[in-house]
2 protein chains.
Amino acid sequence: MKKNVLIIGAGGVAQVAAFKAAMHNDVLGDINIASRTVSKCQSIIAGMLDKKVLKRPGILVAHELDATDIEATKALIRRTRSQIVINAGSAFLNMGVLRACLDTGAAYIDTAIHEDPAKVCETPPWYGNYEWKHREECERKGVTAVLGAGFDPGVVNAYAALAAGSYFDRIDSIDIIDVNAGSHGRYFATNFDPEINFREFTGTVWSWQGRQWTGNTMFEVKRTDDLPVVGTHTTYLTGHDELHSLSANLDVPDIRFWMGFSEHYINVFTVLNKLGLLSEKPVTTAEGDEVVPLKLVKAVLPDPVSLAPDYTGKTFIGDLIRGTHNGVERELLVYNISDHEEAFAETSSQAISYTAGVPAVAAAILIARGEWDCHHMVNVEELPPVPFIELLGRMGLPTRIRDARGDRAFDPAEFRRERKAARSGA
Amino acid sequence: MKKNVLIIGAGGVAQVAAFKAAMHNDVLGDINIASRTVSKCQSIIAGMLDKKVLKRPGILVAHELDATDIEATKALIRRTRSQIVINAGSAFLNMGVLRACLDTGAAYIDTAIHEDPAKVCETPPWYGNYEWKHREECERKGVTAVLGAGFDPGVVNAYAALAAGSYFDRIDSIDIIDVNAGSHGRYFATNFDPEINFREFTGTVWSWQGRQWTGNTMFEVKRTDDLPVVGTHTTYLTGHDELHSLSANLDVPDIRFWMGFSEHYINVFTVLNKLGLLSEKPVTTAEGDEVVPLKLVKAVLPDPVSLAPDYTGKTFIGDLIRGTHNGVERELLVYNISDHEEAFAETSSQAISYTAGVPAVAAAILIARGEWDCHHMVNVEELPPVPFIELLGRMGLPTRIRDARGDRAFDPAEFRRERKAARSGA
């Protein structure tokens, strides 16, 4: 049964979601795009028509919406008869959009955790501060809410679930590694809104180690790995959404997130941070004007969306999992490689938006098909991973695995053999 | 005859000038300090009284003055019966203060070249754009105007004049080297107003090479020298005032200015400059506010005056001169070493303000004594260097020389022997 979709937001991730939803409008129905700036939605739709991405003749509509206005959001959901809402707007909007879904019964999907603009790096687990407070209401109302259904969080959670149910009988550690080995050709730029981007790095870095939350500072802990395709990269222990659900849902003592940064990126970040130019607190100039430094930095940096046409190279995102299988030590790397230029050719966005936007649409398709329409609130690792990973493979995000037996495409048949072996204890 | 002094400005250089003028109020008369913010002048005077710096009982007065108001400046000169004006205010004020001196007959002294706020690094020679346009009027009215009487420009010009008249019969090159080997203990700070400081480095670097103006970019050309006391330092070809008069007044094919910067300083400067954060042109934030990036950077950096109490280490400023003496190749280094903590103990300012402020007062004393009261407009190299250098030695800025015969204090008797030998061609 086809289900109408409402996409909230008009940035890079929303654009990818819109393109991909249109490519699957045999399963999904009308595609609605809503943002405070309706011209951005219209321009996404113009791009979709240019590229003729609709699989079947269908409806594409741009809407002006201030998603902080919950009543307006509910009215739009009802008016468009949307049964699935993909929230690809600002992380500051999540709780309002979730409320609109709870009140209208629409399924809710997002790709990043809720944030309060006034708080940076809150007490873990982060999902406990906002999202999970609505779990009981979702359950009672039978509303499906899939939290963090991008790539990281999202696909990396499914990779963890995949490993936990088959390739391992005991997992000792999950290290999620995210490397953008691409180049935008500018002196310096962030890949998404600088205000959100820098927030990830200015507070405490929380990781799950020895079954408890451990605090570090950014760039304090690093590792170097020889990764498939992209080669050797140094990554840094970083606070990230998925740790805050995986630590609760899986019985794994060490779960860490590692993000790759060039020395140049770290240098520029450090200079700006040390000088106080990443602060959200206003300073007063000699002329008596109040200025928020971070807002000026945002104004002088390139608009992230403007980087896409020139982006070259690839991204690597994967889970490095260590543990035992039938008592034997095992190491498994489950990962995806995406290409910036290929992503741009298909969706007019670079691979960072692509890897976040495609999984959200895959989740919507699985909800529409019933496989993930669970009628309660879940994080991705609580849902069956194989249909998701298989579907993503067909949608442009293929999964590969590397272990002692070599590097190969993910094979569901192999997975089923592993799972059977794990269950029989063989 | 005692001459009353009006000091314009209330920053670090003005403070040193006020302290030093008070220490010589047997030659100078009343000491007047004028600034837009009269409380800064009052606080300088309070510091002078605390340190009991007046040599004899005398008059110290703080005045509120907007020195862009020429009529107000003239009125203050007349009311205070000032015969010497030391302009230690912003480089943007020079031409207005000079006009006030031309109209009242007071002698004019400054320590830095005039700048137009709207222009960065104008066509050389810089003095030709503003100051020298008033040469004829100074001559006609008999007004003494000593341009650039700080350390650099100033004392380094006197060092060049010293060498040209005695130690050399032909000079091939003068390399002026300025190294602050001190530490303020902060992550990053400029030693004077960031708005003026960064202007020196964002435009074309002009140097005098092969008897013509040569353009480079900042940090493009560097040299490394083993310098007395401060040791080995890398310095960078930098545009600077004194080149623009020495090239006209001395017959020397190569005259260059080299300033020392740590790699850390260059890194921070480069990041800010590349991101556009040193721009004086306003940018518009996402919220629609207009912000001048450089004014925000100034607001987040430490106030230069606040650095003085914690400053440690020394400064080196000198002229490395190469040429021939009676046909024999010769190399001579004429230099001063100043100590930040000693400067602070004496004048509550660090050595960078000290080295700029003391020579301006020495020039005022020489004008009061008649030795430099030349009744026209000059740059320092046009005046007799020895009385200046000798006086500076007694005022806290001793000169040393280093050549093939070793490193020693400057000795006027040696200078006279050299000059005699040069004149006789021996």
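Student: How much area is buried between chain B and chain A?

Tutor: Happy to start there! This is a predicted model, in which local features need pLDDT of at least 70 and side-chain atom pairs count only at pLDDT 80 or more, while totals for chains, interfaces and linings use all residues. Residues are numbered from 1 along each chain as its sequence is written, chains are lettered from A in the order in which they are written, and side-chain values use heavy atoms, leaving out hydrogens and water. Buried area is the accessible area (1.4 Å probe) that two parts lose on being put together, summed over both. Carbon and sulfur atoms give 79% of it, and the area itself is about 2,100 Å².

Student: Which residue of chain B meets Lys295(A) in a salt bridge?

Tutor: A salt bridge is a side-chain nitrogen of Lys or Arg within 4 Å of a carboxyl oxygen of Asp or Glu. The count between chain B and chain A is 2 salt bridges. In one of them the N to O distance from Lys295(A) is 3.1 Å, and the partner is Glu287(B).

Student: How many residues of strand β4 of chain B are buried?

Tutor: Strands (E, at least two residues) are DSSP runs, numbered from the N terminus, and β4(B) covers residues 82–87. Buried means under 20% relative accessible area (1.4 Å probe, protein chains only). The strand is mostly covered, and the number of buried residues is 5 of 6.

Student: Which residue of β5(B) stands opposite Ile86(B)?

Tutor: Two strands pair if DSSP finds at least two bridges between them. β4(B) pairs in the parallel sense with strand β1 (residues 3–8) of chain B over 5 bridges, and with strand β5 (residues 107–110) of chain B over 4 bridges. Ile86(B) has Ile7(B) opposite it on the β1 side. In β5(B), the residue opposite is Ile109(B).

Student: Why does Ser35(B) count as buried?

Tutor: Ser35(B) lies in strand β2 (residues 28–35) of chain B. Its contacts (heavy atoms within 4.5 Å), leaving aside neighbours within four places in sequence, include Gly9(B), Cys41(B) and His63(B). Ser35(B) counts as buried because its relative accessibility is 11%.

Conventions:
Buried means under 20% relative accessible area, exposed over 50%, partly exposed in between (1.4 Å probe, protein chains only).
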